[in-house]
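Student: I am new to this structure and would like to go through some of its aromatic rings with you. Could we begin once it is in view?

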Amino acid sequence: MSGDAEITRFRELLGRRLGWAYTDRDAGQLAPLLDERARHRRLSRDDYLHRLAARPWEEELTALIERLSITETYFFRHGEQFRALREEALPERLAARAGQRVLRMLSVACSSGEEAYSLAIVAREALPGGNWLIDVLGVDANPAVLRQAEANHYSPWSLRETPDDVRERWFRPDGAGYRVAEDAARITQFRRHNVADPDDEVWRPDRYDVIFCRNLLMYLTPAVAAALIARMAAALAPRGYLFLGHTDSLGSSPAGLELRHNHHAFYYQRTVATVAPPAQRPAVARAEPVHPADEVYTKAVVLLGEERFADALALIDEHSPAPQGPGFSAPSEGPGAGSGRAEQARHRLLRGVLLAQSGRIDEAIETARRMIDDDGLDPDAHQLYAVCLEGDGATEAAVGQYRLAAYLDTDFALPRLRLGQLARRHGDERAAAGELEQALALLAAENDRRILLFGGGFGRIALTVLCRSELDACGVRR
């Protein structure tokens with residue numbers, strides 16, 4: 001077996017045994033590890049791979065997990081999610097559990113325990129009174145980090161994002177480090193669990209009020225990620241909450257889960273099945289007349305494609321379906337209100353793009369902000385805001401908005417392309433390659449309207465060529 005074939009085989013076995021996904025870009029990491037483990041076992045590469053594939057080899061899998069795990073974490077990481085947990089999720093779950101007075105939370109891929117203990121602290125602070133049973137479980141495949149979690153001893157660096165009042169109340173100095181206070185530590189337990197394997201005890205149906213699983217899905221094979229998502233959704237109590245990492249997204253309408261947005265954080269809530277309404281006789285279809293606003297929109301889009309931005313903007317403003325200024329108000333409820341809002345949103349987005357293309361960045365930013373205020377889950381609005389912010393020199397803020405656009409619509413290629421270009425500009429070739437590979441895979445099916453609005457004057461083929469050239473510059477093999 002050739003060297004490349006051995007690395008490919010190693011990747012496949014890691015995916016099968018652990019559920020972890022690796023690409024060609026990871027060969028530089030995997031080849032030395034394969035050599036090291038084969039030498040440690042006094043086997044050739046080929047014999048080592050045969051042994052790893054043949055039957056369970058728990059001791060060796062443990063060694064691989066300990067070498068390959070990414071363990072960077074700290075208390076209250078991504079504070080906006082903990083604010084959403086504290087102010088939105090927990091009050092609702094405590095009210096729902098008032099009869100049983102039981103609250104259960106799960107930290108998946110908990111690493112050395114900081115996330116699980118953070119959940120315990122927030123839960124203890126949120127309790128309306130005593131006599132509640134709180135159970136926080138942290139699971140991870142790496143026994144080394146679980147030993148650290150159970151030891152409950154942390155360096156000051158692990159508390160770098162911990163507010164001073166929380167540190168004073170919930171942590172006790174211990175030598176050069178800190179321990180979590182007993183009131184939070186005693187309700188937190190840890191268990192070894194590989195997410196590639198089923199575990200009926202961990203994944204009991206309707207069990208958890210809150211599950212945190214952050215920055216794990218991106219490392220898993222598609223099959224294992226899909227199975228884990230299904231297990232988490234089923235293990236949540238009805239109306240329970242799922243928090244994912246910024247790099248993980250289920251899209252805007254995942255099965256059994258509803259996307260929520262609050263405190264600058266995105267998270268999911270398990271939906272409650274409802275009885276389907278009785279079937280009604282279908283209405284007789286009638287031809288709808290072409291609305292004048294549709295003609296205006298179409299003409300403006302044509303002008304945009306011809307780069308006649310001022311003419312398109314004047315046309316939109318002259319025939320706008322609603323006032324565009326700060327005092328603008330949505331159409332009233334009633335028959336056709338939904339379609340009216342959709343039409344209005346479509347015109348506002350086009351107008352925002354035209355403002356940006358015309359150099360009227362401040363007005364374009366205001367348009368994007370109003371769109372986000374009306375619908376924070378609109379990926380196009382976040383993409384427009386990102387383009388405006390970048391044009392105004394606020395690159396870091398723009399990156400955040402590009403990420404939100406990609407998060408809200410996992411099929412949206414253009415924010416991925418721009419994230420890749422910006423990462424490469426800042427010298428992060430690995431991150432750039434990851435974003436660009438996703439963009440390249442999505443570009444073939446990208447929406448024509450989005451390409452026109454956000455493609456910077458490039459068509460699908462030109463954007464694909466651009467994406468490939470950026471990938472080549474990153475040194476990525478395809």
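Student: Is Phe243 buried or exposed?

Tutor: This is a predicted model, in which local features need pLDDT of at least 70, side-chain atom pairs count only at pLDDT 80 or more, and totals for chains, interfaces and linings use all residues. Residues are numbered from 1 along each chain as its sequence is written, and side-chain values use heavy atoms, with hydrogens and water left out. Buried means under 20% relative accessible area, exposed over 50% and partly exposed in between, with a 1.4 Å probe and protein chains only. Because the relative accessible area of Phe243 is 0%, Phe243 is buried.

Student: Which residues form one aromatic cluster with Phe243?

Tutor: Rings of Phe, Tyr and Trp (its six-membered ring) pair if their centres lie within 6.5 Å, and planes under 30 degrees apart count as stacked, over 60 as edge-to-face and the rest as tilted. The cluster that holds Phe243 also takes in Phe76, Phe82, Phe212, Tyr241 and Tyr267.

Student: At what distance from the ring centre of Tyr297 does Arg346 lie?

Tutor: A charge sits over a ring if NZ of Lys or CZ of Arg is within 6 Å of the ring centre and within 35 degrees of the ring normal. Arg346 lies over the face of Tyr297, and its distance from the ring centre is 4.1 Å.

Student: Over the ring of which residue does the charged end of Arg51 sit?

Tutor: Here again a charge is placed over an aromatic ring. The charged end of Arg51 is 4.5 Å from the centre of the ring, and that ring belongs to Trp57.

Student: How many aromatic pairs does a search of the whole structure find?

Tutor: The search covers the whole structure. The number of aromatic pairs that it finds is 13.
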